[in-house]
Amino acid sequence: MDAAAILTRSYRMGQDDGIDFPVWLGGLFNPEAYVTATRQCIAQANNWSLEELQLEVYIRNDDDSSVDDCSFAVTGLKLQGAQCKNNQLYLTSTIMTDLHVTVLRWVRHSSTDLDHKKLCLPVYLNCMRTELLFTIDLNVAPNQDAHSFYERGVAILVSTALN
């Protein structure tokens, strides 16, 4: 199933119910197209330009998948080299951890909105890390050095398949 079909079935424009189920990004043929389609959907529904939208990410500690009308829940993401607790990143010796429901939320921002407290992490298609899909900004926990996350190559994977 392609991204447009999922959005058509699960997001009804003009209603406040948003996506009523989480989408497994690793199960999509083109997961980056789904993320692009969610951005376009929110822009069109709110009459905003695409350039005004910024992606906010919230990683839940439980499997609650309820979202608002500008959010989309995804599952199946893996975090390499770190763990996430209370939506904050911590370095860990664990190679990979499963992320619970991850909420992608598109918000309108102005050019003056800058958040320097977040770490920009790459989201790769698989563990080969040859195809970068997009990047997300996540909070770094207190007493954690943001530079250490880059040194360790912390990243998020959509799938653990090699092909």
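1. A pocket, on a 1 Å grid over the protein atoms alone, is an open set of points where a 1.4 Å probe fits, with protein on both sides within 12 Å along at least five of seven lines. Its lining residues have an atom within 4 Å of a point, and a volume is the space filled by probe spheres set on the points. The largest pocket here has a volume of about 210 Å³. Of the 13 residues that line it, Leu55, Trp106, Phe134, Thr135 and Ile136 are the closest to its centre.

2. The model is predicted: local features need pLDDT of at least 70 and side-chain atom pairs pLDDT 80 or more, whereas totals for chains, interfaces and linings use all residues. Residues are numbered from 1 along each chain as its sequence is written, and side-chain values use heavy atoms, without hydrogens and water.

3. Helices (DSSP runs of H or I, at least four residues) and strands (runs of E, at least two) are numbered from the N terminus. H2, strand S2 (53-59) and strand S8 (132-140) each supply at least two residues of the lining of the largest pocket. The largest share, 5 residues, comes from S8.

4. Helix H2 covers residues 31-46, 16 residues in total. From first C-alpha to last it reaches 23 Å, close to the expected 22 Å (1.5 Å times one less than the number of residues). Buried residues (under 20% relative accessible area, 1.4 Å probe, protein chains only) in H2 are Pro31, Tyr34, Val35, Ala37, Thr38, Cys41, Ile42 and Ala43. In an α-helix there are 3.6 residues a turn, so residues three or four places apart point the same way. Just after H2, Asn47 has a positive phi of about 55°.

5. Two strands count as paired if DSSP finds at least two bridges between them. An open sheet of 4 strands has the order S1-S3-S6-S2, with mixed pairing. Strand S1 (23-24) and S2 are at the edges with a single partner strand each, so one side of each has no neighbour in the sheet. S2 and strand S6 (residues 102-108) run antiparallel and are joined by 7 bridges. Glu56 has Arg105 in S6 as its bridge partner.

6. Which strands make up the closed barrel? The 5 strands run S4-S5-S8-S7-S9, and the pairing is mixed. The twist from one strand to the next averages 45°, where axes are lines fitted to C-alpha atoms and angles run from 0 to 180 degrees between N-to-C directions. Strand S7 (residues 118-124) and strand S9 (residues 155-157) run parallel, joined by 2 bridges. Tyr124 stands opposite Leu157 in S9.

Definitions and conventions:
Buried means under 20% relative accessible area, exposed over 50%, partly exposed in between (1.4 Å probe, protein chains only).
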